[in-house]
Structures are given as structure tokens and as C-alpha cells.
6 protein chains.
Amino acid sequence: MFFHVQRMINEIVSDEPDPAAANALQEGLGGQFGEMRTMMQYLFQAMNFRGPDGKPYRDLLQGIGTEEISHVELIGTTISRLLDGSPQYQGKPTDPLDKPGAGGATPLSIALDEGNIHHYLVGAQGALPVDAAGNPWSGSYVYNSGNLPLDLLYNLMLESTGRLQKCRIYEMTANATARSTIAYLIVRDQAHENAYAKALESLGVKWNTLLPIPKTDAASFPEVKRLLDLGLQSKQYTFDLTGQSEAGKIFQGMSPSNDGTTLDASEQAPEGVPSTIAPERREEFAPGLDPELLELIQATAEMEMADVDALFGPVPPRSS
Amino acid sequence: MFFHVQRMINEIVSDEPDPAAANALQEGLGGQFGEMRTMMQYLFQAMNFRGPDGKPYRDLLQGIGTEEISHVELIGTTISRLLDGSPQYQGKPTDPLDKPGAGGATPLSIALDEGNIHHYLVGAQGALPVDAAGNPWSGSYVYNSGNLPLDLLYNLMLESTGRLQKCRIYEMTANATARSTIAYLIVRDQAHENAYAKALESLGVKWNTLLPIPKTDAASFPEVKRLLDLGLQSKQYTFDLTGQSEAGKIFQGMSPSNDGTTLDASEQAPEGVPSTIAPERREEFAPGLDPELLELIQATAEMEMADVDALFGPVPPRSS
Amino acid sequence: MFFHVQRMINEIVSDEPDPAAANALQEGLGGQFGEMRTMMQYLFQAMNFRGPDGKPYRDLLQGIGTEEISHVELIGTTISRLLDGSPQYQGKPTDPLDKPGAGGATPLSIALDEGNIHHYLVGAQGALPVDAAGNPWSGSYVYNSGNLPLDLLYNLMLESTGRLQKCRIYEMTANATARSTIAYLIVRDQAHENAYAKALESLGVKWNTLLPIPKTDAASFPEVKRLLDLGLQSKQYTFDLTGQSEAGKIFQGMSPSNDGTTLDASEQAPEGVPSTIAPERREEFAPGLDPELLELIQATAEMEMADVDALFGPVPPRSS
Amino acid sequence: MFFHVQRMINEIVSDEPDPAAANALQEGLGGQFGEMRTMMQYLFQAMNFRGPDGKPYRDLLQGIGTEEISHVELIGTTISRLLDGSPQYQGKPTDPLDKPGAGGATPLSIALDEGNIHHYLVGAQGALPVDAAGNPWSGSYVYNSGNLPLDLLYNLMLESTGRLQKCRIYEMTANATARSTIAYLIVRDQAHENAYAKALESLGVKWNTLLPIPKTDAASFPEVKRLLDLGLQSKQYTFDLTGQSEAGKIFQGMSPSNDGTTLDASEQAPEGVPSTIAPERREEFAPGLDPELLELIQATAEMEMADVDALFGPVPPRSS
Amino acid sequence: MFFHVQRMINEIVSDEPDPAAANALQEGLGGQFGEMRTMMQYLFQAMNFRGPDGKPYRDLLQGIGTEEISHVELIGTTISRLLDGSPQYQGKPTDPLDKPGAGGATPLSIALDEGNIHHYLVGAQGALPVDAAGNPWSGSYVYNSGNLPLDLLYNLMLESTGRLQKCRIYEMTANATARSTIAYLIVRDQAHENAYAKALESLGVKWNTLLPIPKTDAASFPEVKRLLDLGLQSKQYTFDLTGQSEAGKIFQGMSPSNDGTTLDASEQAPEGVPSTIAPERREEFAPGLDPELLELIQATAEMEMADVDALFGPVPPRSS
Amino acid sequence: MFFHVQRMINEIVSDEPDPAAANALQEGLGGQFGEMRTMMQYLFQAMNFRGPDGKPYRDLLQGIGTEEISHVELIGTTISRLLDGSPQYQGKPTDPLDKPGAGGATPLSIALDEGNIHHYLVGAQGALPVDAAGNPWSGSYVYNSGNLPLDLLYNLMLESTGRLQKCRIYEMTANATARSTIAYLIVRDQAHENAYAKALESLGVKWNTLLPIPKTDAASFPEVKRLLDLGLQSKQYTFDLTGQSEAGKIFQGMSPSNDGTTLDASEQAPEGVPSTIAPERREEFAPGLDPELLELIQATAEMEMADVDALFGPVPPRSS
């Protein structure tokens, strides 16, 4: 069973909207090696896991899989923020923006030239479950052979490929919003690379100098370096509410990344930052609620409560 | 950010393995109107939500979306349990079962006649992210127009269709394992139908006698009736760890299902039952860990710890 | 612009329901070489047609394309009729059939063993836009290069392949409902083969003995022979309401099928037979309207009319 | 059975070619909520309709479905016209245009920078059965649960989403060719929204102020306003040649769009305008017929007729 | 540049036709981990290879990729042979078999009950480019990140998964035709597993006891054991006609499979066996050539030669 | 069984990198009518061929199919060369190019504006198995009905469409690298068009003036004219190593292209040119091997050999 808190797993730094960067990030969300895939792959591997003796491996998969849901939330929100208001950016005409097609205006003309027209046409300046070339995410991506060494080997390759692709995205844009999330995911992918490498070490493999893949020079990636200095590549959280996870039996000892750190699975979760709600976008016909609706809702709710009270007495206050 | 506990959201009753039922249930997991889709649709709608005034609606989406992850876990595990050991059921030869192809035997010959050969060939008697006709789940299923009334209308239709399909699956099999999960999801889909109907009521719609869709007679579905008698169709949990959800502002008052109940959003989550790990399946070459591997792992871990201790002192105990 | 009459283009003979035959016919509806594809391909070729001098070719495409919509209607309805009531056929238990899941019964258990479980689970014993292996129809099937000889060559091959596949389906089932439609389409595909072959003859090609493809012996196919004796393979209707079609400039002269007939484009359309509406299927939760709903509708309509009359006076009688 | 007239259902206004607008309109043709989808969805719902008592609902579906075929024709032709000759527009070099690759020239270089290179590479400056992001249309879009309230609810949501997307496309381009078709479809989608809303009213629902979705201000859309002033949003044609449609039993009374109009189903069809054929495009190797071919065709036809006359006497004049 | 000889890379043993086994083998041909995928993946990796210093790695990919084309030929032909004549097998009526639909007979009725109806309906009792669940092969399967360690790691996992799935197929059927090919591919997949494992060893990895994956006991698989005894799992051919391959610099030394063998890359290719052509299948309307056609061809050829001789003198004899 | 030589079937002329041209060429590689499709279609038709009397037809299919593998290699390598180093072209900043993200730089920013972002994000400036609009290649493209005349007719149409599309690509770019390959394939497609046209002539068809399709004027395409002057459109190689091909029985006599040439099947293969390996691309994290790795490899290999020598004596020299 899963729970939620209204916090992002990492901060999304503010910057200008940037729809091209948003589109590149779609690969990290809905691409073949993106967060929706890692999330689903590990949840399926955990559900279908075989062999009670292997509980530490199952718990490792469950913990990383749970983290990936938060990564989906993080990168999806980042894409949304990069798109939000983008018709106005880079000297585009701003005036008719909040008045949909006022007098026949074209406030969404930017859509014709950007990476994925669906960001403005099918979605409302929000994230989509597709990759950077517009292909919808597919269940055929999920790998779960049931053979433990094979599943671990695939997962190691999957995290390394995700990290490779995010390094390439980093090189495509300097937008600070995009980079704050990309840098975080580069470092977390390495933590997961370490986790699966370590699990394979427990089955006898010695990696020597092969890891991490790809080899990167932290000095080239200032936003990444900051997080490496905090040791985030060597921590794995359990995200387990009742402390039953045995993942720490695997995620321990020297890091297979050859960076001299020791792996640490002692924390339940990072602290995170509060999440926020985006403003309305009238040019998308995507108002949350207009003032009349809000009034209506208030009135309806009061009337309902009166009805209910009449029948049952007052609803008890929520305890949560 | 998301968390996990090692409990199933509802009990999976024991019965014989039944691969045909397992395949029918795949529609409820990976089908166009299954749990993977509701989960993804609501998470995307929550991430991309517009209009801070609409927080109660966002929180409703977030809460139901979080519940759907647990439904994915529940139905995926149910499918896995229905498949597990199925080569042995209904008088199939059992002897060579745990000895893969011993002397050229065919312990997996059942796979040639069942609903989806991939359950034995690509997976290891486990759930797949596909529908009952074998189509992989697709990101193109997710609907998120950004227009609140439209998104709610779609969600109402989506839950009703999911419930319709599950009623049909109920009529396809009497297997108790399958039915315990199907009945639970029929009732929870109705709770979600109520939630979206109520949200649309807050925008002015009167449903009168239309709901629930489909109309069903509880007496025909004994497993469902038991849960309706508990009122599960009129509760919505928040799954919110810190009590910030405002979904209760919407999920309140008389049920739009015309069953005389009052909606109740006062509980954080159901209690659930402990989850378990499936046994090994040697005929699938899917051992978790064999005895030699276990010994090796133990030895490796001890050696590693010694190394680490030498360098850093003992790893601190995990606090979670 | 398109119009409709409530008639089927050919009679559907009555026989037992037969879900296996229904599934085979899906190839003729939603397959890569089925009627949805020919319909869409010719409509796109007609819309995008180039060169006003080529109007006879455009009109030939438009006329055949319009016929294909009626073929979609014919084969779709045939599939629906073959599925309708199939849970009862071949000695299946009939009692609980009209009572969905009465007391926990399984009236849809047949679905687990038939060609496409979606016929009972996603549809309600009705046709689907998929092929016989369950693949959804795809826009990537449509071919329209814009080069007239190539488009004609493709269309000739397309009709011949459609006819080949229908001959194979004929060999798979002796169900009279299935065969009445299959036989009709085999003959009409040959008429279209003749049309495109003739169009290519007008561009210089001599087919000699190659056509028709495949070569078939009418005596082997009694249902087909009856229609050939009526000369249906050598007629092409215009389906054009105002007599502007010039397709007859091409569809004339000796048949390229070497059967000694002369092609005839002088008729607007076949006579057809009245269409009917299927009965309700309660086990599918697919009632059209139950008695209470009907009463409600009647009452609502009367009240509405009173409102309207009060405001505007009586609605004028419909003239159509 | 279906018929055709050589008329467009609405006029396509002339303007410059505009391949970016053409690509945006592809969503309205081949997108998940475009005209190919509405057409197919309603035709399948009509074919598979259950319950003879519900004939007015079936006829409503049949009538709207038939109209959608004409919408496919309208928007497909509009896209074709927007693409036709586009290599020459906006100051592009015009000289080598009609001479394919003359001396190694690149008359199609525009294709490398436009929305969908397939418009010039796979098609010949014509419409394709794909959406604005290039995804082929899929049969998996079609929804037909067999449950009448659910099908109507989906159709209401489908028309509203189509209208929402077309409002967004309106805001992307001011091209008059594109807008004449988009504005017409915005208004017709509203008529269909009204139709399905009214059908649900007959089942008890009260919409109050929710419709239309999305809420739009006619004054912002001059091309739309002109059509609203004509009342096109409150008419539904039968497209039924023999007057058997009972759709008018539903499509009557006050409009659920709250615009004070009364619904009117008394007309068979709009008048429409004559359709035309596009010119040849030599740079696409897409000639209809060159002069030599025309001569050859003439000669072939005369010879054929002589043969046929010799055998059978003169072909009788076509009567249609 | 590629060449061909009319020989199969391994013998296909004769046995009864067996369409269920044929369908299981489709996974090995067109599945996500089948031979079409390995072939395409290695050919793309070889074409796009970076770094002239890595020629031994490129040559290893090129050599294995070339072998995979022969594996496609082998398994495709095996499937064809397993299907060929299958309507007659297991006591099915044989008489009308060669007379398509004679008198309305149903010689293809077997198609309705087998794994993939397309084997009889779209193909003519021949192999298809799809997997065992009927999904068409997709270009999205091909992995080529450009990062050498990652590509090698993926390839190792790919070969191991292919071998795992073939071991499962082995357990599904005892048909000797199917098993002769499956056993051969199990052993060759291990050779390729060894190749990629060795390439990764050259980059520093020590596999210790992890390989081969999956662990199998040769004694359980008699057909496999015979080939292992010949050492086929430890040989890699170059398939290079001019001896330029440097793959032997990698494929050498002790086998990483821990079977005590030494790797050997000294042979160009196995000897293979002659390939044959399948008989006609009249019930599929799939005649190669009927007697009249053969006569016609003969006559045409002679006439043509006469023409050519008249113009140019005799065509010189082919030298190949 | 297949073999390889390290030579390209035709020379790839040098020019600037050009990612837009590279993307257009993807249609010729992974498009519905590209080289991957012709290759697979003919290999499947050859594997599944029926009727030993038709061996010349089978051999024709086998020979052309084998040539298509070399075409895949040619066009794939051409795309790779057009992409390679493209971040530097047209005045893009060159300095940080070989230092991945040095100091936070964006050496891959070009990816955001080019035809397919996957060329830089999923691949490493290399070819992908997709078409020019980014759709992955699909097994559903392959056509193999088993009916010989139909298969030949489809193949004729397929080659003509491929040639049509390549003529359009020729008109999109003047890049010499792109054109050298496009021109070669235009001419070879014509040779294959001739082959299938001739095969159909042997079955009785007379093409008269219809071929080639499309009609082109050689003078307009200088690069094509040079190859036509060499007669490459009238040659078909066997690519058969042991001279067993009987394709020459069909590919002989006057060319159906009406260019006055005689068809010639007397050569085994063209000479080709040596193939080369692309340089490393550090900004893609796609190094073949860095210096440390090379040293490591050398050391590992020597140690291994020592081990092996100790056990078995020296490995014998490779004989190939």
C-alpha cells in the first residue's frame, strides 16, 4: 500500500519558461529509459518477486520503485513549470495571452514551432506520458524475466542508460529549472546504479573500474557536483513507513563507483520541499475554477451539509 | 513524495491457480480502463493541475491516484498468484515440475493453450503490463485536457467503464482468488465514481437516478454485497501522511449513487493485510537464490563489512 | 457530403451464433486488408486527388470508397450477429444468461476460451475495430502516394489480397451467417479488382490471363457462384446522388477477369435490405433502455415540449 | 448503406498555403479526438446498438456518425489545400517548382523544416491519417461499451474535447483557410455536444450551467460568431435519405448550452458547396495524367467500346 | 556488403507439423528478445560504431550480427515447416485439403483454434515477423547507446534473456523439428553470451560464477547436451569472407561460462546443410506456379531471348 | 547462411554534416517503404516460398533480399556520417565540443531544433531504426501472402514507391553525402522494379509504357544520370557464393523500363569500397575506448593468453 505527502522530493529552481527544454525532459519522464519505466519495472519486479530468501533484493526493488514514483512527480512537475506561460517567453507578444483568441488573436502560435505541439493542443502547457520524439510510453518497455541475476543486470543497464541520456540532456540546455531536476536525477540514477551493481557483487561479480557508466567529470557539471559533494549518489532511502525493509543488507560497504564513499541505507526518505499548484491558463481554456463556479461550489456545499445534517447529524471532523 | 508499507490494501483469498482467470484480470491491470491507467491519469492530472483555488479537486485526484498505485499492486499480485503453479493444476502432470526440462520433459506445455503464452515465456508465471488481449499498456490512454469539468467528466466515465468491465470479469470466473480482488475493485470503483460525480455536482450537475453506472443488483454478487454492507463504496481515504488533503470538502454529503449513504472522507487509509513473497519456480529458471548463492552472499557481505569497518568504523544502525 | 439509408447493402443470412467465425471475420473488418482500410484509403485518395483531367479516376475512387463504408456496416453487423447470444450456443448453460451474475453465476465464462476476449469484455458481444489477431486498425495502413499509376497498382493488389483472405476465411467456417457476407465481399472485391485493373489498362497495361487473383473455381464456393451468376463481379455502382460520377468512362468494356462479361457502371446502387436493431444483453450490462428509463424519457420529453411550446410555440413537424 | 454527393458540407475560404496550420489541423482529422475518431466511434455504436426501444438514440448516433464522414472530407480537403503549393510560399524560390529536381534543384527543401515531413515525402502535399504529432490513427481510440448511458457520457466528453482542441488550434493560426473549417467544426461540435447532453437529460441528468464545455466568448472568435448567429449550434441534420430517423425525438426542446435557443432536427442536410480537384504537382511526381496518357486513354477507350459494341451492342446510357 | 549461400546454418530435423510449437517459436523469431532483434541490434551497433581503436569490438558485433541473419533464416524456416500441412495433422480430415473450399468445404478450420490465426489467414502456413502473442516486431526494440560498455552490457543481457526464453520454449514442446532448432539456438546464445562477457572482462569485469545465465543442467536437455559436447558454445565464427575480422582478439582464453573450455574464433563458418523449397498449398491459394503458368513462362522466355538475340547477339553465360 | 565483407556496396561521398538531410534519409532506412522493409519482406518471402518449380523466382527474391541488407548498411552508414560532428556545423560554437558539458556548457544544444532529437539523445549521432517522422519500424509492414503473383505485384509497387520517395528526398537536399547514396538507391530500386516487372511479364503481363514508375528525366538528376549511363538499372547481382541462383532465368531480355537496355544477371556482386569506423564523440559519452581502457585490455589479454597457454598450449592461428 502506498502513501503520499504534499512535498517534492527535490527543489525545482525558478527560471524562464523553456518549451524546448521541456520537450527534451520528456525523454526522462516518458522515454524508454525514463522515470515512468523505472517505476513500473521495479514495481512489477517487486510484485512478481520469487523466493522468500531473497527478501533483501525484493525490498531493494520496492524501495527504488517507490522512489521512482516521486521522480515521476518531480520531472513531470518540472516539465509543467517549463511550459507554463511559455507563449509569453522570448519576446513573444504577451497582450492577448489571458484572453483566449480575443478578437481572433493567436496567443498559442508558438505551438507550431515547438518540439511537441501536443504540449499546447492536447495538454494545457503540461507534461505528457510521451518521450522527446512524441512516442507514447509503452508497457512493452517493462522487463521482468523472473530470473534474479538477469533482472538485476537489466536494471543496472537501465539506470546507466537513464543517466547517460540525462547527461546528454544536461548538455542541451542551460535553463536552471531544467538543470536542477536533471542534475538531481543524474545523481540519483548513480545511487541506483550502485544499488544494482552491489546486488550483483553479492552474486559474485567484481566490477573493478567499469563503474559508474558513463564516466563523467564532476567538475564539468557544477549542479551535479554540488549534490555529489553531499554524498547523494551513495545513499538509498527505504521509503518504507514501518521499517520492514531489508535493503540495507545489500546497499552497504564500499561504493562500486570507485569514489571512495561508503553506501548508506539508514535514512527513510529525504526531506523534500513543499509542492505548489500552477496558475490558471485561460488561453488553454484550462481554468481551474472561475469566480462564479467558486460561489456555486460554496453554495452547493452548504446546502448539502444542511441536508446531511438533517438526516444524520454533523459529519465528524476528519482525524488525519 | 510517496511512501510504502509492506501490506496489501485488501486480502487476496486463496484458491486453485487459474491462468484463464489471470488473463481476464489483466484487463483490470493493464487494459485501457484498468488500474495502471487510472493511476497514471490521476497522477498526471494532479501534477499538471491548474488553479490554486481548486486545491480540494487536486487533492481528490491526488488521493485517488495514490490509491490506484495500491490497486495496481493488489491486482498484479492477484494475477501472479493465479498463475503461480498453474502448470500443475487440473490434473496436469506434476512430477517434472521443479526440474526444468528434466530429461527433455515439457513442464510448461500448458503455456501453448492458455490466454497469453507470455505469462510463461516472457514473464515467470507473473503479471504483465498488458491487457487481456495482450496489448501493451500505452501512454496514449492518459487523458488530461487541463479543463477541470472535462477531466472530471472523463474520470467519471473511466471509473464507470472500469466497474462495468470488472462486473463482466466477475461473470467469467468463479475462482475465489480472482473474485476477492474483482469484488473489492468493483466497490472501490463505485467510490471513485461517487467522488467524481460529487465533484461535478459541485459544478452544478444533478445526476438524479443515472448513477451508479452500470446499475447492478448487489444480491447477484455475494462477494460485492459483503463489501457494500461495510459501506466501502461511500468512503474515500486520503492516503495523505500529513493531513493536508482538502478532498473532504468535495467527498461529503449524500451519495450520488442513490443508496441512501453519506460520503465519508475521514479516514487516512484502510488497514490492509501483510504481503508475502512467492515461492521459486525452477521450471521458469526463475530462482530467487539457490543455496550456493545464499552462502556466497553471506560470505561477501561479511567480508565487505570487515572492509568498511576497517576504514570507517561500524555502520550506524538504521533508524527507520 | 455523405448520406445514409437504413438498409444493409446485402442480406445477412440467419444461423447459430459462432464467436470463432466472428473473430475470423474481424480480419475483413479491421485487418490490414479489410474494409476499414479500403474505405479510408479510397476516401483519402479521393480527397487528395490531383489533376482535374483525371476526374473519371477520382470518381471511380470516390464511388468504391463510398461502397466500402457500406461494407464496413455490413461486415460489422455480421460480426455483431455472430457474437450476439453466443454464451448460449453449443450446449452452454442458458439459464443465468439474462441475469448478470445472478447469485454469483458465470454467464460469460465462454469469453475465456474464444478468439478475442474483448468481444465480451470491452465490447458487448459486438464488432471491434481490430483484426483477427486483436491488433487495432492503424492509420499507417493507408496508402496514398499521389502518383496515379502507383495508387492504382496498390489498390489492385489491396483488393486482390482482401479477396484472397476472404477465400481463406470461407474455408475456415461453414456458418451461413458468416458465409453470406464473406461470399458477397469475395464477389465485390473482384468487381473492384476489375475496376483498378481496367484503370491500369487505360494506362497501357495488358493483363492477359493473370486476373483474377487469386484464381478460384466458382464451383467450389456455392454461395459465391450464386452471386457470380448474377454478374455482381462485373458491376460497379456510383453511389452518387446527383449523377456527376464519370467512373463509367473507365469501368466499361470487357472484364479483365477473363470471364467473358462486360463491365457495367450504369446503376446507382443495389437495392439492399432493411437493417434491424439487436436485442438487449443484460449479462453485458448493456441494456438499451429499461422500462423505467423509457417512462422517464417519455415524461421528460413531454415536459420539455411544454416548456418550448410556452416560449416559442409548437416545433414545426420534421419534413424529411 | 451510404451515398455521396460531390459537394463539401461547408465552404473552404481561400488563403495562402500554410503547412504549419495544415499540420495543426491534422489533430482535428487523425487525432485521438478528431473527426476520423468520432466518425468511427458513432458508426460502431450504431452498428452494435442494442435494444429496439432505443431507436431514437441509435438514429441520433447514425446521423451524427454520417455527418462526421463529411467532416473528415471537409478537414482532409482543407489540409490538402493548405499544403498545396506550399513549397512556393513565403518568398521561397519558385522557379524550379514544376520541374522535379531540374538540374539537381531542391524544390522540396521546405519539407525539412515543417511540422511533418511526411506531408511531402509519403503524401504529395495532401492530408494524412495521423495526428499533429505524427501518430497514426488507431482503432484503440474507438469506445463502444454497449452500455447506453456510458456511451453517451463518453460521446459528450469526446465532442467537448474536440471542441476544446479546435479552440486551441484557432488560437494558433490566423490563416483564413484553416479558420473557415475550424470555426465550422467548433460550432458543429457544439451541436453534437448538445445532442449527447440532451440524450443524457432524457435519462434524468440536469446539466444546469455546466455546458457548453469549454466556455467560450463568441465575440473573441469572429468566424465562429457568424455561424452561431445562424444558429448552426442548435441544428442537427439527419442525413437520412428516406426519412426514417427518429433522432428528433431527442434533439428537441431548449438547448442545454444555455444560449436560449431551441434545438431543431427538422432538416435533412445543409446545402454545401461544390467540391473541386487539386492541380497536379510535378515536383511530387504526382501527375494525375500527362497529355500522352490522356491520348492513350482516349484511344484505348474507343477501341474497347468498338470491341464491346461488336459483341453486345452499345452500352446503355447511365441512368443515375 | 553481404553474401548468401543456399544452405541452412543447422539441420532442421523432420517431425509432424505442430502449429502450437510453431507459434511458441515465433517468440524466438519476432519477439523482443528474438533473432530479428539481435540481428538488427548488432548491425546497427556495427554501422554506428565509434572509435577506430575498438575495431576488435566492432568486428565481434559484425560477426555475431551476420550470424543472426542466418538464425532468422533458420528459425523462420523451422516455423514454416512446423506449420506446413498442419491442417491435416492429428486426425484432421485430409481429403479436401488440396482443393480450396471444394463444394463449400472448410479445410482451414484448424485456424480458428490455433495460437495465431494469421498463420493461415495473412500468411500461407509460413513464418511471420511477430512474437508468440502476435505483436509485430518493432524498431523500438533496438538498443544502441553508442557507449561501448553499456552496449556490451545490454548485449550480454539480451543473449541471456534469449537463451532463458528458448529454455522455456524447450519445456513447452517435445516436437523434434522445434527442438532441433531451439537446442541449436540455446547453445549459440551461450556462445554469444560468452562473447559479450569476454568483451566486458577485457574492460575489467570479473564474472566469477554468475555465468552462464540461466544456469542449466545439460543432462536435462538431451538435444542441447549433444551440441555442448561438440563445444559449439565456445566457438565464434567470423562469417567474414576476406579474413579482416579482429574479433578473435576478444573471443579467446578461458570461457566465462566456467565449463573449462577455451574460446575459439578460428573458423569462418559452420558447414551447414542444403536448404529446400516447400511444396505448394492449394488450400491457401498459394501456388508457386501451376502447369499452365510454367508453359507460358517457358514460351515467353524463348520469345524474349529470340528478341534479344536479334538485337544484341546471345547473352553471355553467367559466370557465378 | 549469410556472409559479410568489410566493404560498402557503393561509395559515400564526403560533404559537411547535415542533420536535416540525415533525418530525411531515415525514411529510406526505417520507413514503411525503406530498405529495412524490402530486406525483411524479401527474406520472409524467400524463407516461406512455396513450389519447387518456382526456384528462379525464389532465387530472385533471395538475391534482391541479400542486396537489401547491404543497402541497409549503406544508408545507415550514410545517416551516421551526416550526423557525425553536426553540433559543429553551420557556425555552431565548436570549442566545448569534445568536452562533455565542460563547466556546464551545452555542446548538444543543436538537438533541440533538429528533425529528430533522438539522434543525439537516444543514439550517439548515429542512424536509428525509425522513419523520417520518428515512427519505429514495424513488422506489420512485411507483406508475404504466399500467392506468387500477388507477392510480385506488391514488390513491384514497393520498389516503385521506394524510388518515388527517394526522388522526393533528392529534391529536399543538395548535400553530396546524402545524394551519393540516394542516387545509387534510385537506380538500384529501378533495377528491382525491372526484376519484379519481368517476373510478372513471365506470368503474362505486358507493361507497355507504364514503367518505370515514377517517370523521371535523367537530365534533372545529374548524380543519377551518371549511374544510368553505367547501366546499373539493368543489372541484378546474385550475391550467391556458390552459383546456385537461377534468378537469371527471369532477369533477362529487354528491360521493361523502355530504355532500350538488356537485363543482365551475370555478375555475382559489385566491387564496393572499403568501410571505415567513425571517430569517438566525447560529448555523447560515446567513447569507443579511452587510453586507460586500451592499456587494460592489452594487459588482460596477455594474462589470459598466458593462462590458456599454460593449460592448452598456444591457440592455433586463425585460418580465415
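The UniProt annotation "binding site", from an unreviewed entry, covers Glu35(A), Glu68(A), His71(A), Glu159(A) and His192(A). These residues are spread over 158 residues of sequence but cluster in space, with a largest C-alpha distance of 13.1 Å. UniProt positions follow the numbering used here, feature names are shortened, and annotations may be inferred rather than shown by experiment.

The model is predicted: local features need pLDDT of at least 70, side-chain atom pairs count only at pLDDT 80 or more, and totals for chains, interfaces and linings use all residues. Residues are numbered from 1 along each chain as its sequence is written, while chains are lettered from A and ligands numbered from 1 in the order in which they are written.

**Two annotated residues**

Helices are DSSP runs of H or I with at least four residues, numbered from the N terminus. A residue is buried if 20 or more other C-beta atoms, placed from the backbone, lie within 10 Å of its own. Two residues are in contact if their C-beta atoms, placed from the backbone, lie within 7 Å.

| Residue | Helix of chain A | Other C-beta atoms within 10 Å |
|---|---|---|
| Glu159(A) | helix 5 (residues 148-170) | 25 |
| His192(A) | helix 6 (residues 176-201) | 25 |

Glu159(A) is buried, and so is His192(A). Neighbours up to four places away in sequence are set aside here. Glu159(A) then touches Asp189(A), His192(A), Glu193(A) and Tyr196(A). His192(A) is in contact with Ile64(A) and Glu159(A).

**Helix 6 of chain C**

This helix has 26 residues (176-201). The expected span is 1.5 Å times one less than the number of residues. Helix 6 of chain C is largely enclosed by the rest of the structure, because 24 of its 26 residues are buried.

**Core**

A nonpolar core is a set of buried Ala, Val, Leu, Ile, Met, Phe, Trp, Tyr and Cys residues joined through C-beta atoms within 7 Å. The largest has 592 residues, and Leu25(A), Leu25(B), Ala24(D) and Ala24(F) have the most contacts inside it. Beyond four places in sequence, Leu25(A) is in contact with residues including Ile75(A), Leu82(A) and Ile169(A).

**Chains B and E**

In this pair, 22 residues of chain B are in contact with 22 residues of chain E. The copies use different surfaces: 5% of the contact residues of chain B recur in chain E.

Methods. Helix = DSSP H or I, 4+ residues; strand = E, 2+ residues; numbered from the N terminus. Buried ≥ 20, exposed ≤ 12 C-beta atoms within 10 Å, placed from the backbone.
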